[in-house]
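Please read the following report alongside the sequence and the three-dimensional view.

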Amino acid sequence: MEDEPEVPDLLIRRSKRPRVPTKAFDGQLRDIYESGGEESGDEFHQNIHKPTRNRTTEAAPSNTATASEHSLIEAVKMNGKLIPQVVKVWVEKYEKDPKPAVIELLTMLFETCGATYRIEEELLEETNVDDVVVALVNLAAQGRIEDYQSSKKKEFRSFKENLVAFWDNLVSECQNGPLFDQVLFDKCMDYVIALSCTPPRVYRQVASLVGLQLVSSFIGAAKILAAQRQTTQRQLTAEKKKNSEGDRVESLNKRLSETHEKITMLEEMMRKIFTGLFVHRYRDMDPEIRMSCIQSLGVWIVSYPSLFLQDLYLKYLGWTLNDKSPGVRKASILALQNVYDVDDNVPSLGLFTERFYKRMLDLADDIDTSVAVCAISLVKQLLRHQLVPDDDLGSLYDLLIDDPPEIRRAIGALVYDHVIAQKFNSSQSRSSGDEGDQSQIHLLRMLQILREFSTDQVLSFYVIDDIWEFMDAMKDWKRITSMLLDENPSIELTDDDATNLTRLFCASVKKAVGERIVPAADHRKQNHTKAQRELIDSNRKDITVTMIKNYPQLMRKYMADKTKVPSLLEIIVYMNLELYSLKRQDQKFKTLLQLVKETFFKHGDKDALRACVNAFDYCTIGSRGELQDFAQTKLKELEDELILKVKAAIKEVVDGDDEYLLLVNMKRLYELQLKRAVPIEGLYDDIVMVLKNFRNMDYEVVGFLLLNMYMHIQWCLYSITNSSVVSEDSLSSLISKRNALFDELSHFLHVLSEAQVKENGGNPLASRVCVILAELWVLFRRSNYASTNLERLGYRPEVSTLRKFWKLCEQQLDISDETEDDDGNKEYVEETNRDAVMVAATKLVANGAIPKEYLAPDIISHYVMHGASVAEVVKYLIVSIRKKDDDVADIFLEALKIAHVRYLMVASTSNDEFMVAKRFKECKDLASRLSGFFVGVGARDRYNTVILKIVKNGVEYAFMDAPGRLSFLTCAVSIFTSKLLKADILDILKNIQDRTANVNMDENPSGWRPYMTFVENLRERSLKNEYEKEGTSVRRRGRPRKKQNIEGKKLFDEKSSSEEDEISDAPNDEEDQVDKDEDEGVPLIHSMKASAKLRSLKLSREENRRQQQASRGESAQSTVNQGHQQG
């Protein structure tokens, strides 16, 4: 999709169609408008006639000779520079002898269509247009035409431009004579209209191009005449004021009448082409033709509103807002933008706007991003003219959290203009006030918007990101800090407003220094230009200067507030700390560090603790000289004080007191260890002692004790591997600590895997144990230390331990979606959810910590069971395995067997038909996803051996316990047979028929039905051509289509003509409905967005799930019946 920051202007500039009035008329229009009212009619008339009266004498002989040597078609096809001269020569011929000239022009018209056809001169008057067109169509049917317009040959690159320029110049040259003889252009229009209605696409394309340009050129001529009429009317008025009668007044009256008649004649010619060509071609099956029609209509309306600014013509722009082609919808929107851009047009657009404004709003959520962006710009124009009720804008505001950044940016501009700056409110736009007050007003309005997102910080960041570029008040650091410190007594922020303002402050600072606050689609590193880097440095300096003064007050005020302090602390890491030294603000820096330390020991929440640690770490790196030494000293003091607090908390637990202090300090220690090594050698044994002696501690406390042990071991290992000399004592100490952790993990692994897990419930400690075990096994895998002096560190788990580990992993993977949602707002959930468990298990195989045969099939069997995020992790594992070994047949087959066994167990033990159908579908979907890895150029030859192995071994497995396992053939093996060669399919068919030669299938017909289905499928595939191309799914590009509440309008086979006077929402007869697809591939941000208005942003997943189950219910019964028969 296109990125179009300034969509309407760019698209208009890109248009290759000449603007109206065209170049041929520019000079004449300028002469007319510059001519004074007192000029005589003769002088004016002489100015108009100069180009034609003197063309033979003024033309350079060389140019005339060159032009006369070229035919009309040669000039159009290859030499566009000669078109003005060629046209002049042709007009001279026409004035001398019309018939041969008309024959030459019509022949050129046919040749531009790619056909060679000439009308006999003596038969020109008698020749019927329809007969000629039928002959031309026959030429096309015989393949005797050439498509110059679509040709990629170099010499035809300018064909369209040259063709348009030719007819434009022709109208210009004929405006003082042949244009109004009612012979030449009537004849041309008849053939153009007739050709535009023929089946050959090339005829319609060329004829439409010519016809539309003729109207544009007629408009240019009409505007010249209108200017002439205005001048004549002014002169006539002046003469009448003189009370003079006579030849002068009579001459002016006659000229005025003649000019009016010519304008009327031109307008009739425009209507003829519109009725005969446009009303049919705007609904042509070729989207390019439809698009050119709509683009031209938009130009006509703007350039000649006296005729075209009527509902009679406007309705076509409204109807094509529903066209199935994005290009046509976009052309219609851009045309309307140009129409609404002229203030004088708005009073005439009342009825049209009333009928179509809702469709314009709907297009802001169009499937095509470029269309949606243009539609949003159009809505801004409607708001500027106050043509849209505010109550209808709710759906637009939802797009603030849509997925494409172009959409969000466009909506951000609209929200800023309409809601925050209120540019479209006449009373507000006239209000005066200083810049500071204006910033404050804008910030308060922004906070009003953010109230709707108070419960979700991620959505708040999306909204801030959308509007930040347009809202200067977000960069007014002094005003923001002033509002946070309540320096203005007239403004009292609520607690939610203060929280949102701190989030806005932090997000705005990050944006100002070039950081992202929402994830990018491509995840590329940002590269800034020199100018951008200079701006970032300037912003960083301004932020630092403001915060040097205000940080102590802000921290003292909000230190105890866990919702606000993380955002305030995060700002520190984007400051230029050297300015503290340069501006001699050492004491304020020391005060800041002391406040951060106090904040660290005041909180036990993840966000606040992590922000404190990051701020401290940045201060030790980003400061200089004495201030850096002070920061390092302060950090050492913090570590020592934390160790003392942990020891005191452990003593309290040993004495039988509450575990809360131990939990809080373990969190603090964990956050600190995530950033740096903490010397807790003396604490390690105490932690082990507490775990061994107090087995009934809260699981959360146990989890953080284990985490801190693991983090300490990781830092110890890092120290050893990065040391040039490794002492035996340090190595023995590390192994001892590692074994102590393994003992504790093994204990909890046994306890938790044997425990009865609550239905639909997970256990955070179980997830912790799985993740830590996997990380340790990867960290100490034998391959890392083989043949080194650290070989003693190598470790591989026993198979029994590995099986317990996977059993516990599966328990965590099988938790319900409801439980996963309920846990979504808990701290550290990203470290204990299903994704984390699956990532940990996948690491074991991908890094070679265990043989892939041990765990890979079990992991892959869960490929389609737990949603998109888990599926991505499994996909990564499969890709990793295939990079090392293309032969994945055994692993894939084993995974399919595991999935099939799950189905058989449910089918034999459960009466839940839905669950049985679900397991059968999971097995089938798994086979489909796995078979998808064997695609691409030469896939059959490259992977044939692997696929054949899967099929043969799968058949072997299915017949081991026939007919009990035969369902494996239809749910797993069948999908792979479609990728085999014909000879292999016949071999498989013979093999299974031999297996059943002496079997009486009538004894259990339902049990053998999967076998019969499988055989039938093999026979069908064996009859197909061996070299038949494999079907490939075409991935639809662009934005995921959203469900629309409106029906697409149908544009084709409209019985009504352009003569109908009423404007309606759609043509009378509708035949081609706009495609409406279901939601597919909806990005994560869509799951967070839901309501029709900003007030309700959370979508009820329970309701979604009920709808999904209801929709699946209809197909479940048939699948269950099939499953029972196959089981």
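The side chains of D925 and K921 meet in a salt bridge with an N to O distance of 2.8 Å, where a salt bridge is defined as a side-chain nitrogen of Lys or Arg within 4 Å of a carboxyl oxygen of Asp or Glu. Because D925 and K921 are four residues apart in helix 45 (residues 913-931), about one helical turn separates them; helices here are DSSP runs of H or I with at least four residues, numbered from the N terminus. D925 is partly exposed, with a relative accessible area of 28%, and K921 is likewise partly exposed, at 47%. In these terms, buried means under 20% relative accessible area, exposed means over 50%, and partly exposed lies in between, with a 1.4 Å probe and protein chains only.

The coordinates are those of a predicted model, in which local features need pLDDT of at least 70 and side-chain atom pairs count only at pLDDT 80 or more, whereas totals for chains, interfaces and linings use all residues. Residues are numbered from 1 along each chain as its sequence is written, and side-chain values use heavy atoms, with hydrogens and water left out.

A search of the whole structure finds 45 salt bridges. One of them joins R408 to D466, with the closest N and O atoms 2.7 Å apart. This pair links distant parts of the chain, since R408 lies in helix 21 (residues 405-420) and D466 in helix 24 (residues 457-468), 58 residues apart. Both R408 and D466 are buried.

Another salt bridge is formed by R610 and E671, whose closest N and O atoms are 2.8 Å apart. R610 lies in helix 31 (residues 606-622) and E671 in helix 33 (residues 660-675), so the pair ties together parts that are 61 residues apart in sequence. R610 counts as partly exposed at 26% relative accessibility, while E671 counts as buried at 2%.

| Salt bridge | Closest N to O distance |
|---|---|
| R408 and D466 | 2.7 Å |
| R610 and E671 | 2.8 Å |

**Contacts across the sequence**

Helix 31 also holds A608, which counts as buried at 1% relative accessibility. The C-alpha atoms of A608 and P566 are separated by 4.8 Å, although these residues are 42 residues apart along the chain. For G848 and R781, which are 67 residues apart in sequence, the distance from C-alpha to C-alpha is 7.6 Å. G848 lies in the loop between helix 41 and helix 42 (852-860) and counts as partly exposed at 35% relative accessibility.

**Cysteines**

How many disulfides does the structure hold? The structure holds zero disulfides, a disulfide being a pair of cysteine sulfur atoms within 2.5 Å. For C770, the closest cysteine sulfur is that of C809, at 3.6 Å, which is too far for a bond. C770 counts as buried at 0% relative accessibility, whereas C197 is partly exposed, with a relative accessible area of 43%.

**Backbone features in loops**

The peptide bond from A962 to P963 is cis, with omega near 0 degrees, and P963 is found in the loop between helix 46 (939-958) and helix 47 (967-977).

D486 has a positive phi of about 55 degrees although it is not a glycine. D486 lies in the loop between helix 25 (477-484) and helix 26 (495-512) and is partly exposed, with a relative accessible area of 40%. Y828, a residue other than glycine, has a positive phi near 60 degrees. Y828 lies in the loop between helix 40 (817-822) and helix 41 (834-846) and is buried, with a relative accessible area of 2%.

**A charged surface patch**

D97, E120, E121, E122, E125 and E126 gather in a patch of negative charge on the surface. Such patches are made of residues with over 30% relative accessible area and no salt bridge, with like charges joined within 9 Å.

Methods. Patch = residues over 30% accessible without salt bridge, like charges linked within 9 Å, V, L, I, M, F, W, Y side chains within 5 Å. Areas by Shrake-Rupley, 256 points an atom, 1.4 Å probe, with all protein chains shown as cover. Lys, Arg positive; Asp, Glu negative; His and termini not counted. Charge placed at Lys NZ, Arg CZ, Asp CG, Glu CD. Helix = DSSP H or I, 4+ residues; strand = E, 2+ residues; numbered from the N terminus.
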